[in-house]
Amino acid sequence: MSVLKPTGSIRRRLVIQLAIIAALLSLAFFFTVRFVAEQAATDTQDNILAASATSIADAVYSEGGAVRLELPYSALSMLGTISEDRVFYRVIVDGETLTGYEDLPINEARNASRTPLFETMEYRGDNVRTATVSRTLSVGNQSRTVLVVVGQTRLGLAAISTRITTTATAVGVGFFLFATALSAFAAQNALSPLNKLAESVARRGPNDLRPVVATTPTELVPLVSGLNSFMRRLRDALNRSEDLIAEAAHRIRTPLATVRTQAEVIHRQMERPKNRNSVREMIRAVDESSRSAGQLLDHAMVTFRSDQLETQDIDPKELLHEVVDRLSPTAELKDIQIDLQLPNNDFSISGDPILLQNAARNILDNAIKYSPGETEIVVRLIPSDTCRIDFIDQGRGFADADIRNLTKRFSRGTNVNDIVGSGLGLTIADDVARAHGGKLVIGTNDNGVGACVSLVLPLS
Ligand SMILES: Nc1ncnc2c1ncn2[C@@H]1O[C@H](COP(=O)(O)OP(=O)(O)OP(=O)(O)O)[C@@H](O)[C@H]1O
Ligand SMILES: [Mg+2]
């Protein structure tokens, strides 16, 4: 079970941020295009209005002391180029309207100048843009001021503006969608080395402590080198603890063996039964400690090796031969026969031979220990879709109430009486079976009294 709490995905964050940037750029694009286009349209209309007003102003002349105007056709027709907008004009000489719309407002504040002045105003219910130019005309020996105002409604302009807005919106939305899709692609692409690295780390076995050598993006080098150095330290620590286990086993067992031998010698020399009993108790305590120390260290070794399981092809027949040979002397002391039943065909299992031997030895050791003398123990290898090794004895068998707990550490059955033990043998066998993907089955001998313990392992 993972204790990691993922807090959001980098990819999602990247895509969202890039999409926000794309949206802002789209908006900026939209407003810029609209502003520039409207400005351009307004400038175009202003230029035509100015040209029209100037050409009308130029057409004003004096004749016989009066001011006259020959309205040039082109002056108003040029305004017709912008859609169907209505056109207004007014010519004023010294404040008197000479011709045109008398109510068309003029800019009173303007100075006489040929530079046109532009204005936007409400006139006759419409929005109207006007250009005003003025000129001075000499009539006889008087100089008179001529003002020409030309106005045009802005419907065409509004239509152009709407068209530009629609286009700019479509382009902006298109740009946004395209940029967002690109961002998703770019985020995916940018994160692909990260995914590759994560995959290569995830693909490793749980006990693989070799350094990560997959190609690493620069930003992840500190993380990966941190991980590698952590794994190196862990590997070193594990190696050290393996050495420590071996060393400790040696240092505890040896002095205990000496104490035991000496105690035996003293026991033999003692005459008073009370003293002899005390020494017997002492020898028993030494046996218990020695057994506990041995089993504890074996268990530590099994845990260590199971964590870094190094498997090889093993012939289970050979393995059983070795285990039986090793325990035969103990069995002979009790006149117990070990009947090793092996199949004829050859097959192999994959595993750690030291662990498997340890497991088998503990099970067989129990069978001998908990059986009375002059009985028989059957060690039977049954290959089918698994490799099953049964250890069947004719001893006291398991107490039903115990069975579920016997694979727990230090748990001994209610049937042990005065037999020395530490309660770790079946724990070791069960751990080894599990480390190899198999299981330990604790049951009873189907043919009469006794126990049947089976080690079930997958075939290789
Ligand atoms: N073949 C058997 N027949 C009867 N009881 C058994 C047998 N094997 C194991 N047991 C019971 O299961 C218990 C647990 O066995 P286990 O091997 O784990 O511990 P142990 O034999 O007591 O101590 P040790 O760690 O020294 O082997 C034993 O105490 C015993 O009660
Ligand atoms: Mg045991």
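How many Å separate the centres of domain 1 and domain 3, taken over C-alpha atoms? The separation is 109 Å. This is a predicted model, in which local features need pLDDT of at least 70, side-chain atom pairs count only at pLDDT 80 or more, and totals for chains, interfaces and linings use all residues. Residues are numbered from 1 along each chain as its sequence is written, chains are lettered from A and ligands numbered from 1 in the order in which they are written, and side-chain values use heavy atoms, with hydrogens and water left out.

## Domains and cores

The protein is divided into domain 1 (13-162), domain 2 (206-308) and domain 3 (311-460). These bounds come from an automatic or database domain assignment.

A nonpolar core is a set of buried Ala, Val, Leu, Ile, Met, Phe, Trp, Tyr and Cys residues joined through side-chain atoms within 4.5 Å. Buried means under 20% relative accessible area, exposed means over 50%, and partly exposed lies in between (1.4 Å probe, protein chains only). The largest nonpolar core has 43 residues. Those that touch the most other members are L364, I368, V379, I389, F391, L440 and L455. Helix 7 (residues 353-369) gives the most to this core, with eight residues. Helices (H or I, at least four residues) and strands (E, at least two) are DSSP runs, numbered from the N terminus. Domain 2 and domain 3 both give residues to the core, so it lies between them. Apart from it lies another core, of 19 residues, with L49, I56, V93 and V148 among them.

Contact means heavy atoms within 4.5 Å. Leaving aside neighbours within four places in sequence, I389 is in contact with L320, V379, R380, L381, V453, S454 and L455.

## Around ligand 1

| Residue | Polar atom | Distance to an oxygen atom of ligand 1 |
|---|---|---|
| R291 | side chain | 2.6 Å |
| Y370 | side chain | 2.9 Å |
| G423 | backbone | 2.8 Å |

The protein covers 99% of the 580 Å² of accessible area that ligand 1 has on its own. Accessible areas come from the Shrake-Rupley method with a 1.4 Å probe; for residues, only the protein chains shown count as cover.

D126 sits in strand 6, which spans residues 126-139. Is D126 buried or exposed? At 19% relative accessibility, D126 counts as buried. Its side chain makes a polar contact of 2.4 Å with the side chain of R86. Not counting residues up to four places away in sequence, D126 touches R86, M121 and T153.

R124 is found in the loop between strand 5 (117-123) and strand 6. Its phi is near 50 degrees, a positive value in a residue other than glycine. R124 counts as partly exposed, at 46% relative accessibility.

R154 lies in the loop between strand 7 (142-153) and helix 3 (155-202). R154 and D85 are 69 residues apart along the chain, yet their C-alpha atoms are separated by 6.7 Å. Beyond its neighbours within four places in sequence, R154 is in contact with T42, Q45, D85, T120, N127, V128 and R129.

## Other sites

E374 also has a positive phi, about 55 degrees, although it is not a glycine. E374 is found in the loop between helix 7 and strand 11 (376-383). E374 is exposed, with a relative accessible area of 66%.

V441 is placed in strand 13 (residues 439-444). At 30% relative accessibility, V441 counts as partly exposed. V441 and L455 are 14 residues apart in sequence and 6.5 Å apart in space, C-alpha to C-alpha. Not counting residues up to four places away in sequence, V441 touches C452, V453, S454 and V456.

D243 lies in helix 4 (residues 221-269). D243 is exposed, with a relative accessible area of 53%. D243 and V286 are 43 residues apart in sequence and 25 Å apart in space, C-alpha to C-alpha.

Methods. Polar contact = N/O pair within 3.5 Å; in protein donor to acceptor, adjacent residues only side chain to side chain.
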